[in-house]
Amino acid sequence: MALRKTKSTSLTGESVINGTTVVRMTASLSTSGGSDSVNQYVQNVDLYNANKRDVRKDISAFQDYVYEQQDAIDAEIEADKKTTDPEKKDIK
(Lines give C-alpha, C1' and ligand atoms only; values in the text may rest on other atoms or scores of the structure.)
Protein backbone atom coordinates (compact mmCIF):
# COMPACT_ATOMS: atom_id res chain seq x y z
CA MET A 1 0.00 0.00 0.00
CA ALA A 2 1.24 3.49 -0.83
CA LEU A 3 0.01 6.99 -0.27
CA ARG A 4 -0.56 9.01 -3.43
CA LYS A 5 -0.65 12.73 -2.96
CA THR A 6 -1.88 15.36 -5.37
CA LYS A 7 -2.05 19.10 -5.20
CA SER A 8 -4.33 21.38 -7.16
CA THR A 9 -5.02 25.06 -7.54
CA SER A 10 -8.59 26.36 -7.71
CA LEU A 11 -9.45 29.50 -9.67
CA THR A 12 -12.76 31.31 -9.73
CA GLY A 13 -14.09 34.27 -11.66
CA GLU A 14 -17.40 36.05 -12.07
CA SER A 15 -18.79 38.24 -14.80
CA VAL A 16 -20.85 40.82 -12.92
CA ILE A 17 -23.30 43.32 -14.43
CA ASN A 18 -24.82 45.98 -12.14
CA GLY A 19 -23.90 43.95 -9.04
CA THR A 20 -25.45 40.72 -10.37
CA THR A 21 -23.34 37.68 -11.20
CA VAL A 22 -24.14 36.70 -14.77
CA VAL A 23 -21.59 33.94 -15.34
CA ARG A 24 -19.45 32.11 -12.79
CA MET A 25 -16.24 30.49 -14.01
CA THR A 26 -14.15 27.90 -12.20
CA ALA A 27 -10.95 26.04 -12.95
CA SER A 28 -9.09 23.30 -11.13
CA LEU A 29 -5.45 23.00 -12.14
CA SER A 30 -3.26 20.08 -11.19
CA THR A 31 0.09 21.12 -9.82
CA SER A 32 1.49 17.63 -10.25
CA GLY A 33 1.08 17.24 -14.00
CA GLY A 34 -2.45 15.78 -13.97
CA SER A 35 -5.49 16.93 -15.87
CA ASP A 36 -7.16 20.33 -15.53
CA SER A 37 -10.81 21.32 -15.77
CA VAL A 38 -12.40 24.65 -16.68
CA ASN A 39 -16.14 25.33 -16.35
CA GLN A 40 -18.55 28.20 -16.77
CA TYR A 41 -22.10 28.52 -15.49
CA VAL A 42 -24.63 31.06 -16.75
CA GLN A 43 -26.47 32.17 -13.63
CA ASN A 44 -28.63 34.89 -15.19
CA VAL A 45 -29.72 34.05 -18.73
CA ASP A 46 -31.52 37.36 -19.32
CA LEU A 47 -28.48 39.47 -18.38
CA TYR A 48 -26.23 37.12 -20.33
CA ASN A 49 -28.32 37.48 -23.49
CA ALA A 50 -28.50 41.26 -23.09
CA ASN A 51 -24.73 41.61 -22.49
CA LYS A 52 -23.12 38.76 -24.42
CA ARG A 53 -20.28 40.84 -25.83
CA ASP A 54 -19.12 42.10 -22.41
CA VAL A 55 -19.67 38.77 -20.67
CA ARG A 56 -17.72 36.94 -23.36
CA LYS A 57 -14.84 39.38 -22.85
CA ASP A 58 -14.84 38.41 -19.17
CA ILE A 59 -14.91 34.71 -20.08
CA SER A 60 -11.99 35.24 -22.46
CA ALA A 61 -10.04 37.15 -19.80
CA PHE A 62 -10.64 34.32 -17.32
CA GLN A 63 -9.42 31.76 -19.86
CA ASP A 64 -6.27 33.85 -20.41
CA TYR A 65 -5.77 33.86 -16.62
CA VAL A 66 -6.12 30.05 -16.59
CA TYR A 67 -3.49 29.77 -19.34
CA GLU A 68 -1.11 32.02 -17.37
CA GLN A 69 -1.54 29.89 -14.27
CA GLN A 70 -1.07 26.66 -16.23
CA ASP A 71 2.17 28.03 -17.70
CA ALA A 72 3.41 29.03 -14.25
CA ILE A 73 2.63 25.57 -12.87
CA ASP A 74 4.37 23.92 -15.83
CA ALA A 75 7.46 26.08 -15.23
CA GLU A 76 7.50 25.06 -11.56
CA ILE A 77 7.20 21.37 -12.48
CA GLU A 78 10.08 21.69 -14.96
CA ALA A 79 12.24 23.51 -12.40
CA ASP A 80 11.53 20.78 -9.84
CA LYS A 81 12.49 18.09 -12.34
CA LYS A 82 15.82 19.79 -13.02
CA THR A 83 16.68 19.92 -9.33
CA THR A 84 15.74 16.28 -8.70
CA ASP A 85 16.93 14.69 -11.97
CA PRO A 86 20.72 14.97 -12.35
CA GLU A 87 20.54 14.28 -16.10
CA LYS A 88 18.34 17.36 -16.65
CA LYS A 89 20.58 19.78 -14.74
CA ASP A 90 22.32 22.36 -16.87
CA ILE A 91 25.97 21.54 -17.42
CA LYS A 92 28.27 24.55 -17.19
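These legends walk through several close-up views of a predicted model.

Local features are described where pLDDT is at least 70 and side-chain atom pairs where it is 80 or more, while totals for chains, interfaces and linings use all residues. Residues are numbered from 1 along each chain as its sequence is written, and side-chain values use heavy atoms, with hydrogens and water left out.

**View 1. Three strands make an open, antiparallel sheet in the order S1-S2-S3.** Strands here are DSSP runs of E with at least two residues, and helices are runs of H or I with at least four, both numbered from the N terminus. Two strands pair if DSSP finds at least two bridges between them. At the edges sit strand S1 (8–17) and strand S3 (37–42), each pairing on one side only. Neighbouring strands are turned by 15° against each other on average, direction ignored; axes are lines fitted to C-alpha atoms, for helices over the stretch in contact, and angles run from 0 to 180 degrees between N-to-C directions.

**View 2. Here we follow the strand pairings and the hairpin of S1 and S2.** S1 and S2 pair in the antiparallel sense over 10 bridges, and one place to look is serine 8, whose bridge partner in S2 is serine 30. The hairpin has two residues between the strands, and asparagine 18 takes a positive phi near 50° there. On to the next pairing: strand S2 (residues 20–30) is joined to S3 by six bridges, again antiparallel. Look for methionine 25, which stands opposite glutamine 40 in S3.

**View 3. Helix H2 (residues 52–84) packs on the sheet.** H2 touches S1, S2 and S3, and its direction makes about 15° with that of S2; contact means heavy atoms within 4.5 Å.

**View 4. The largest nonpolar core has 14 residues, of which Val23 and Val55 touch the most other members.** Such a core is a set of buried Ala, Val, Leu, Ile, Met, Phe, Trp, Tyr and Cys residues joined through side-chain atoms within 4.5 Å. S1, S2 and H2 are the elements that give two or more residues to this core, and H2 supplies the largest share, six residues. Not counting residues up to four places away in sequence, valine 55 touches Ser15, Ile17, Val22, Val23 and Tyr48.

**View 5. Serine 15, in strand S1, is buried at 0% relative accessibility.** Buried means under 20% relative accessible area, exposed over 50%, and partly exposed in between (1.4 Å probe, protein chains only). Leaving aside neighbours within four places in sequence, the contacts of serine 15 include Thr20, Met25, Val55 and Asp58.

**View 6. The structure holds one aromatic pair.** Phenylalanine 62 and tyrosine 65 have ring centres 6.5 Å apart and planes at 55°, so the pair is tilted. Rings of Phe, Tyr and Trp (its six-membered ring) pair if their centres lie within 6.5 Å; planes under 30 degrees apart count as stacked, over 60 as edge-to-face and the rest as tilted. Both residues lie in helix H2, three residues apart, about one turn of the helix. Phenylalanine 62 is buried, at 8% relative accessible area, whereas tyrosine 65 is partly exposed, at 36%.
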